[in-house]
Amino acid sequence: MTISFFIIAAITIVGTAAAMSLKNLVHCVLSLTLGLVGLALLFLLLGAQFVGFTQILVYVGAVAILAVFAIMMTRSAEPMTNLPPASFRLSGVLIAATVFAVLAWAISSATRSLPSQSSQPEVSVNQIGVALMHQFVLPLEVIGVLLTAALVGAAILAMDETGASR
Amino acid sequence: MSPLSGYLLLSALLFSIGLAGALTRRNAILVLIGIELMLNAANLNFIAFWRYGPNPAALTGVMFTIFSISVAAAEAAVGLSIILAVYRHSKSINLDAMNSMKG
Amino acid sequence: MPEIIDQIFVLLKHWLMGYVPSLLKPVVSAILSVVPVLLAFPLLFAITTVLERKGLGRMQNRYGPNRVGPFGFLQPMADGIKSLTKEDIIPRTADHLVHLLAPVVIVIASFLVYAVLPIGRNMVIANLNAGVLFFFAVGSMVELSVFMAGWSSRSKYSLLGAMRAIAQMISYEIPLVLASIVVIMAAGSLSTVTIVNLQATYTGIFPHWYVFTPWGLTGFIIFMIAATAESNRCPFDLPEGESEIIAGYYIEYSGFKFALFFLGEYLGMFATSAMAITLFLGGWAAPFSFLTWIPSYVWFFAKLLALICAFIWIRGTLPRLRMDQLMNFAWKFMLPLSLINIFAAGVWHYMPAGASRWLVVTLVIAVACVLLSRGLRRNQWFHVRTYRFAS
């Protein structure tokens with residue numbers, strides 16, 4: 001538990017909470033980006049350099065931009081006016097709070113059995129690459145197929161139907 | 001409080017924030033973002049368990065996170081294009097407005 | 001003696017660190033590494049603006065700036081003072097916070113990438129294990145700041161410019177990353193320091209730069225074209241095409257914030273050029289083994305200046321592309337060619353050294369290049385424009 005953990009955790013929580021509660025959708029995406037950058041910093045803090053940078057590359061560079069494009073193309077950048085009734089929102093928050101309470105209870109009751117301290121594992125990109133190419137080569141291939149299918153599928157779905165029949 | 005339980009609590013909080021967002025917001029894009037957040041909270045758990053686990057040399061947590069990030073990216077791409085298709089059809093991305101199966 | 005001059009900045013830092021109490025050592029060390037970079041590259045930016053204006057002026061048969069200082073070389077100072085003293089106008093309907101944050105984000109992101117660029121032997125701020133990945137990850141934050149600027153201004157021109165810029169940057173980021181993968185494959189490392197060290201060896205008098213292989217040359221050309229598009233420069237300057245959408249995403253910015261955008265854009269250009277140098281042109285390594293007595297940082301900045309001059313030359317020569325040409329070029333030519341280039345690099349790796357692999361790899365790339373460009377031309381993307389009303 002270092003001071004940097006608490007600072008980065010605060011950034012992450014503020015960013016994600018703002019992303020889920022702000023009215024303007026673009027603000028939501030921007031604060032989500034802040035939260036995800038905080039999460040990437042947490043990965044770096046945990047010693048997973050490769051995963052942290054991948055997180056920034058994929059989420060800030062691709063997913064946030066994609067979401068922004070979707071917002072622009074669906075004309076939902078203006079603040080929403082027709083919010084769902086308060087009881088509906090309250091029930092959602094209550095469910096989430098219950099989930100958090102249960103998870104927190106489970107974690108705190110399991111604290112004694114959790115490993116407390118260990119040395120920082122030294123993991124280089126090289127090791128990750130070797131593991132990807134040997135031990136995890138089948139999942140890698142499957143991910144490749146999945147990403148190709150997603151690319152083609154997304155392009156076809158987003159294609160204008162009138163344009164496609166041309 | 002050990003460092004690991006701190007990360008686990010943070011991850012649980014992030015998961016709950018994502019869940020709350022997915023449950024309370026009616027905008028399809030925001031619901032998708034909430035789901036992405038829940039996935040990310042799970043990723044944090046994987047990395048934390050890898051870091052403090054008994055066998056960090058196995059790299060399992062890191063690998064799982066890498067695959068999970070790529071699946072999440074694919075999910076976001078397909079999800080957002082579905083949202084675009086729905087918008088083109090019904091001129092709205094409010095989830096409450098999508099209540100008919102008839103095209 | 002040449003070694004001492006080569007390492008003078010490193011030795012100077014060590015000497016200064018000797019006087020620092022051990023408690024403050026990490027902080028002072030970081031400051032001593034970062035501050036020179038924070039000073040050197042904005043200075044290079046100032047020099048480049050003059051060079052660019054004078055070079056473009058020369059190409060267009062005019063003088064360029066020649067009033068302030070000797071040969072107009074103090075012009076950037078005058079420009080800086082002007083932009084500092086100008087009124088900062090924010091549109092009334094603008095989203096104030098996002099409008100303020102956008103230039104800050106672009107400058108921070110542009111400066112962060114310099115952390116992994118080795119500007120000389122042992123002269124790098126952070127030798128990260130995944131340095132190249134860090135470069136591209138942080139570089140992708142620029143796109144977000146471009147969107148923030150364009151959207152928060154609440155102007156149609158700026159929004160159009162931002163959307164064009166993002167579409168273009170995303171499309172060209174893929175060939176940019178794929179072109180650098182060949183080098184990562186050959187070097188077997190994502191660390192920029194290792195990549196340069198591998199290139200700083202010599203056979204006879206010739207260095208082992210990756211640009212001197214068929215796949216390296218192709219990768220370098222793809223990388224430079226994509227870098228031009230990434231930094232929104234001519235002929236890919238549609239996002240800020242003056243004659244169409246005035247100044248693109250930063251049209252509503254004035255005074256110092258405008259200068260920050262300008263700075264961020266040029267810093268991004270320097271950073272991608274420096275990355276091209278690191279990956280393909282041997283970083284700080286001298287081009288011939290008998291020239292290694294010249295300090296490494298001199299070579300780095302000489303190469304950087306050469307690439308900047310090439311950028312200025314291209315800007316003065318080529319006309320702007322259309323949006324559909326831009327997209328078709330990225331997705332139908334650059335992307336397949338960079339994928340084939342990766343394949344060619346793999347073939348190169350597994351063939352025995354000698355003339356045969358040169359022949360095979362060159363043939364693969366040349367055939368791919370011809371076929372792809374013919375595919376582009378068949379669809380008439382690049383036909384000669386006919387001016388109906390003029391003729």
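The expected span of a helix is 1.5 Å times one less than its number of residues. The exercises below apply to a predicted model.

**Exercise 1.** Determine what span helix 1 of chain A should have, and compare it with the distance between its end C-alpha atoms.

*Solution.* Step 1: helix 1 of chain A covers residues 3–21, which is 19 residues. Step 2: at 1.5 Å a residue, the helix should therefore span 27 Å.

**Exercise 2.** Identify the buried residues of helix 1 of chain A, and state what covers them.

*Solution.* Step 1: a residue counts as buried when its relative accessible area is under 20%. Step 2: in helix 1 of chain A, the buried residues are A:Phe5, A:Ile8, A:Ala9, A:Thr12, A:Gly15, A:Thr16, A:Ala18, A:Ala19 and A:Met20. Step 3: their cover includes helix 2 (25–45) of chain A, and also helix 1 (3–24) and helix 2 (28–52) of chain B.

**Exercise 3.** Describe the contact between chain A and chain B.

*Solution.* Step 1: among the 2 pairs of chains in contact, chains A and B share the most contacts. Chains B and C, by contrast, do not touch, and their nearest C-alpha atoms are 14 Å apart. Step 2: chain A contributes 79 residues to the contact and chain B contributes 67 residues. Step 3: about 6,400 Å² is buried between chain A and chain B, with 80% of it on carbon and sulfur atoms. Step 4: between these chains there are 0 salt bridges and 4 residue pairs in polar contact, both residues at pLDDT 80 or more. Step 5: the side of chain A that touches chain B consists of 58 nonpolar, 16 polar and 5 charged residues.

Note on methods. Residues are numbered from 1 along each chain as its sequence is written. Chains are lettered from A and ligands numbered from 1 in the order in which they are written. This is a predicted model: local features need pLDDT of at least 70, side-chain atom pairs count only at pLDDT 80 or more; totals for chains, interfaces and linings use all residues. Side-chain values use heavy atoms; hydrogens and water are left out. Helices (H or I, at least four residues) and strands (E, at least two) are DSSP runs, numbered from the N terminus. Buried means under 20% relative accessible area, exposed over 50%, partly exposed in between (1.4 Å probe, protein chains only). Contact means heavy atoms within 4.5 Å. Buried area is the accessible area (1.4 Å probe) that two parts lose on being put together, summed over both. A salt bridge is a side-chain nitrogen of Lys or Arg within 4 Å of a carboxyl oxygen of Asp or Glu. A polar contact is a pair of N or O atoms within 3.5 Å; within protein, one must be able to donate a hydrogen and the other to accept it, and residues adjacent in sequence count only if both atoms are side-chain atoms. Ala, Val, Leu, Ile, Met, Phe, Trp, Tyr, Cys and Pro count as nonpolar, Asp, Glu, Lys and Arg as charged, and the others, Gly among them, as polar.
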